[in-house]
Amino acid sequence: MHDLALMVVNIRASDIAVFGSQTLVTATPLTLAALGGVMAERSGVVNIALEGIMLTGAFVGFLVAFVTHNLWLGLIAAVLAGMLIASIHAILAISFFVDQIVSGTVVNILAVGITGVFYRTFLETQSVAGPGTLPVWHVPVLGDLPVIGQILFQNAFVTYAMLALVVIVYLVIFHTTWGLRTRACGEHPQAAETAGINVYFVRYLNVIFSGGLAGLGGAYFSLQQIGNFLPNITGGRGFIGLAAMIFGRWNPFGAFGASLLFTASDQVASRAIAFGVQIQPQFLGMLPYLLTIVVVAGAVGRAVAPAADGKPYRKS
Amino acid sequence: MSRIWSRAPSWVISGLVVPIASVLLGFLVAAIAIVAAGSDPSQAYLALFQGAFTNNNAFAETLVSTVPYLFLGLGVALGFRAGLFNIGAEGQFYIGALAGTFVAYSIHGLPPIVVIPLAILAAMAAGFFYAGIAGFLKAQTGAHEVITTIMLNYIAFLIVNYLVTTPGLMKDPLSRTPRTPYVDVNAILPIIVPHSRLHAGLLLALVAVPLVWFLIDRTTLGFRLRAVGFNAGAARAAGISVAGTMVLAMGISGALAGTAGVVQILGVLHAMSPATAAGYGFDAIAVALLARSNPWAILPAALLFGGLHNGASFMQLQTQVSSDLISIVQGSVIVFVAAPEIIRWLLRIRRKVAPVAITQREVTTPNA
């Protein structure tokens, strides 16, 4: 406890800024995956494929950026690749009524295979310089604000996009006709169909959008964070994003908040160790996972999924 | 084409034609990926086959990889039959291996006939408990086991990492690399084929297959388990304790995964390091799906995956094709097994029963 007290005493404003900035930046892929989860699951399709979609986005984004020397083309390619591989999940789950966990698992396995095989062919032996990373945009005036400016207004594209998308997805889900249709399909598809909504169409589009969001999340790793691709670069962050979605109760702002909580606990962990706090890094590493279990088990208020989430819909 | 199939009984189609066609199509899809990656599929598959079966000792090595797939596949399949999707086999494998290794290096001076069962029992208990957490949470709070078992996987890696890398806990003080002490000589499973690594764990796994089949198909517990998997509401109405059955099913599934872990240690590795499992638990999901949760069908499915696992490294050595190719094979195989309509359409097999009934019977997966 003494060490922890010392750590708290030694905090300066610049530390807070670095802490906040790191928390926000590392929450970028989690939030994008979680937003993807919100889109799909609000329409009634469970998407555990987010991990594989992110991996695909990270790979294709980097490959295209590498070949064209254009990071922005890479970014677009990542989104499109995410949509493409998500449509496998959509076809299997919606048209073939395959169990949604199974088809999500299929996408995750295929993504490891596809990225692994093509990485070895096209990238592993390349020694040419990579395409670099997305530039940091320092917003004039706002970026000069103390602490807040460094956290919010000195970021690269994917992080800004994530912040905007939290609001956009929220507005789409709760304040547009499409969102109303989406939620209807997720809660009671039969009733939605009766009201003239094409459930299959709504679910297809939502899963494909979900893939675009997760694909962008994947681009964060290869184009913004490290400027390279490595096998399994996403390291399970898609699953954590899914957990953030549940923690955030299928709400975009909730998902964003949960992602921040997860990454903040990571930041606390790494700083505590740097300050010599006597706690094993492995235990701190477990925090997000334990939190997730606690949340899913309903200990912190009950998380209720859309009523038809995970249930295949058959026209009768 | 359709005339050939119209005479075949439906179990031949769903039990043989669809799985075999799925595997062949899986290889075909992967071949397209090989071509797209600029390599020659025939050479890659030749190397894969040589590495899996015909090279010196290759078949014995394939069987070595088949052993964990058998235990894990049985475990995941048993979960499926109870309507539970155990993605946590990887973590339960770790925790089981950890407990079994602890027993096997702590006990000295007892004969193998005592030490080995003790280590396996410890692993089963640990796997049962660890998976039981997810079963309990599902039964008590409705927490989806897919999420909880994924999280428990990460926690298991970290627990193992902590215990195995920290001096004074399970780390061998004499070793520079993080690993536990080697297990007692009497705890090592005997080699059953000279000059190979093939160990008696294969025999244990072969015994486990009929045991699990018997448990699922011929016992009251198995009946309850299938009833809960088929329709939890109806099972509850029939007086079956759904919560208790879920915990037990998840626990037994975890006990089998734990056994896979300890057998891998006692048979092959003889000590535990942070990198012990190498993804067997995730592949096991594909094994169980390919076998359509039938314990007997786990045998060929596990052998196929053992061969793929073992042949892939030789293929990567011989050709430019990454060993990750087998993930494409696995993924596509599951697609075709899980969506048999695709194969029925390709082979022009007409349905004999109403579509809804067919798809429900085709794939035994949990109805969330």
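How many helices and how many strands make up the secondary structure of chain B? Chain B has 16 helices and zero strands. The model is predicted, and it scores ipTM 0.87 and pTM 0.89.

**Confidence**
- The average pLDDT of chain B is 89, and 92% of its residues score at least 70.
- Where pLDDT is low, predicted coordinates should not be read in detail.

**Overall dimensions**
- The C-alpha trace of chain B spans about 65 × 60 × 35 Å along its principal axes.
- Chain B has a radius of gyration of 21 Å, which agrees with the value near 21 Å for a compact globule of 368 residues.

**Packing of H4 and H13**
- The angle between the axes and the distance between the axes describe two packed helices.
- In chain B, helix H4 (residues 58-81) packs against helix H13 (residues 295-318) at an angle of about 135°, and their axes are 7 Å apart.
- The crossing of H4(B) past H13(B) is right-handed.
- On H4(B), the residues making the contact include Ala58(B), Leu63(B), Tyr69(B), Gly73(B) and Ala77(B).
- On H13(B), they include Pro295(B), Ile298(B), Phe305(B), Gly307(B) and Asn310(B).
- The residues of this contact between H4(B) and H13(B) comprise twelve nonpolar, eight polar and one charged.

Note on methods
Residues are numbered from 1 along each chain as its sequence is written. Chains are lettered from A and ligands numbered from 1 in the order in which they are written. This is a predicted model: local features need pLDDT of at least 70, side-chain atom pairs count only at pLDDT 80 or more; totals for chains, interfaces and linings use all residues. pLDDT is the predictor's confidence in each residue, from 0 to 100. Axes are lines fitted to C-alpha atoms, for helices over the stretch in contact, and angles run from 0 to 180 degrees between N-to-C directions. Helices (H or I, at least four residues) and strands (E, at least two) are DSSP runs, numbered from the N terminus. A crossing is left-handed if the near helix is turned anticlockwise from the far one by less than a right angle, and right-handed if clockwise. Two residues are in contact if their C-beta atoms, placed from the backbone, lie within 7 Å. Ala, Val, Leu, Ile, Met, Phe, Trp, Tyr, Cys and Pro count as nonpolar, Asp, Glu, Lys and Arg as charged, and the others, Gly among them, as polar. The radius of gyration is taken over C-alpha atoms; the globule rule is 2.2 Å times the number of residues to the power 0.38.
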